[in-house]
Amino acid sequence: MSNIVENSVQVSNSVEGSITQPQLYSTIAHEIATPLSTVQGYLEMMEQGLAGAMTPHQQKLLRAALRSMVRMNQVVDDLSTFGKLKSKRLELNLQPIEITEVLYETVGILFEQIQVGEVGLQMSLNEEMPLVLADRVRVAQIVTNLLSNAVKYTRPKGTVTVSTTQIGEFVQVNVRDTGVGISREDQQKLFSPYYRAEDVYVQSKSGTGLGLMVVKELVDLQGGQVWLASEVDVGTTVSFTVPILKNTTPSD
Ligand SMILES: Nc1ncnc2c1ncn2[C@@H]1O[C@H](COP(=O)(O)OP(=O)(O)O)[C@@H](O)[C@H]1O
Ligand SMILES: [Mg+2]
């Protein structure tokens, strides 16, 4: 995958001359995102019965199409973010947010629309979390990436658990799975672009290898940290932190 992307980018670089690789990524992502959202809109209309009644079989096919749209959106989002990060054009919209709310929302969207197969999901959220200062959309993108990895790299009957804790000035989010795990050697490399483990199960799933790199950069930009703990055939926990909103005293 990485070779194909890099080679094709080099070819167009020599043709276009002035377009840099990250700019090209963002442009392609944008060109795909626009028609994609139109198609998704129409599919959602049909799912809601706004284009007439459908047979159960048609509904099933439509739901499968929508799940693919969700996956495609994730790829396009990561590609676009990767391009912006590399060309230093990513702007954050930092605001006080309730992380628990963002987590419930993201998990809800993902588990409604992505086929989770037989992987169980547990939420162990502390409802009394302080507000954090973060970009809501980017936090959702981080969580979407971690959750889709956890589900993707966990065999049927496994479990994915999302939990939160407060550690000093930070809220910590943990995504734990009982999946295939990551070898010690691979753990060092996963946050670099395009890297995917050689593991047969990992290679049997589709992916770009951009997700964790994007996650790391987004967490860093928001003033947090990300790390993982993993054991082969036991499971993986990826954790990240987001800074708690500091109480600002009124100036008068
Ligand atoms: N929860 C996980 N369990 C096992 N391996 C993981 C997990 N998350 C990430 N990985 C490994 O890290 C690699 C990089 O992850 P990512 O950047 O999200 O790429 P992708 O999901 O497209 O393969 C994956 O290909 C896989 O080898
Ligand atoms: Mg991924």
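The crossing of helices α5 and α8 is left-handed, a label used when the near helix is turned anticlockwise from the far one by less than a right angle, with right-handed kept for clockwise. The axes of α5 and α8 come within 10 Å and cross at roughly 145°; axes are lines fitted to C-alpha atoms, for helices over the stretch in contact, and angles run from 0 to 180 degrees between N-to-C directions. This is a predicted model, in which local features need pLDDT of at least 70 and side-chain atom pairs count only at pLDDT 80 or more, while totals for chains, interfaces and linings use all residues. Residues are numbered from 1 along each chain as its sequence is written, and chains are lettered from A and ligands numbered from 1 in the order in which they are written.

**The α5–α8 contact**

- From α5, the contact is made by Arg 138, Gln 141, Ile 142, Asn 145, Leu 146 and Asn 149; from α8 come Gly 211, Val 214, Val 215, Leu 218 and Val 219. Two residues are in contact if their C-beta atoms, placed from the backbone, lie within 7 Å.
- Sorted by class, this contact has 6 nonpolar, 4 polar and 1 charged residues. Here Ala, Val, Leu, Ile, Met, Phe, Trp, Tyr, Cys and Pro count as nonpolar, Asp, Glu, Lys and Arg as charged, and the others, Gly among them, as polar.
- A handy reminder for reading such a list: an α-helix has 3.6 residues a turn, so residues three or four places apart point the same way.

**Helix α8 and burial**

- Most of α8 is covered, with 8 of its 11 residues buried. A residue is buried if 20 or more other C-beta atoms lie within 10 Å of its own, exposed if 12 or fewer, and partly exposed in between, with C-beta atoms placed from the backbone.
- The buried residues of α8 pack against α3 (56-86), α5, β6 and β7; among them are Leu 212, Met 213 and Glu 217.
- Just after α8, Gly 223 takes a positive phi of about 85°.
- In the protein, buried residues make up 26% of the 252 residues.

**Around ligand 1**

- There are 22 residues around ligand 1, and Asn 149, Arg 196, Ala 197, Gly 207 and Gly 211 come nearest. A residue is near a molecule or strand if its C-beta atom, placed from the backbone, lies within 6 Å of it.
- Both α5 and α8 (211-221) contribute, each supplying at least two residues of the shell.
- The shell consists of 11 nonpolar, 9 polar and 2 charged residues.

**The sheet**

- The protein has 8 helices and 7 strands; helices (H or I, at least four residues) and strands (E, at least two) are DSSP runs, numbered from the N terminus.
- An open sheet of 5 strands has the order β2-β4-β5-β7-β6, with mixed pairing. Two strands pair if DSSP finds at least two bridges between them.
- β2 (120-124) and β6 (226-231) stand at the edges with a single partner strand each, so one side of each is left without a neighbour in the sheet.
- β4 (residues 159-167) and β5 (residues 170-177) run antiparallel and are joined by 8 bridges, with Thr 165 opposite Gln 172 in β5.
- Helix α5 (residues 136-152) packs on the sheet and touches β4, β5 and β7 (235-243); the direction of α5 makes about 25° with that of β5.
- Another 8 bridges join β5 to β7, again antiparallel, and Asp 177 stands opposite Thr 236 in β7.
- β7 is largely enclosed by the rest of the structure, because 7 of its 9 residues are buried.
- β6 and β7 pair in the antiparallel sense over 6 bridges and form a hairpin with 3 residues between them. Asp 233 in the turn has a positive phi of about 65°.

**Loop residues worth a look**

- Gly 181, in the loop between β5 and α6 (184-187), is buried, with 21 other C-beta atoms within 10 Å.
- Gly 181 and Gly 235 are 54 residues apart in sequence and 4.5 Å apart in space, C-alpha to C-alpha.
- Lys 88 has a positive phi near 55° and counts as exposed, with 7 C-beta neighbours inside 10 Å.
- Lys 157, in the loop between α5 and β4, has a positive phi near 80° and is exposed, with 10 other C-beta atoms within 10 Å.
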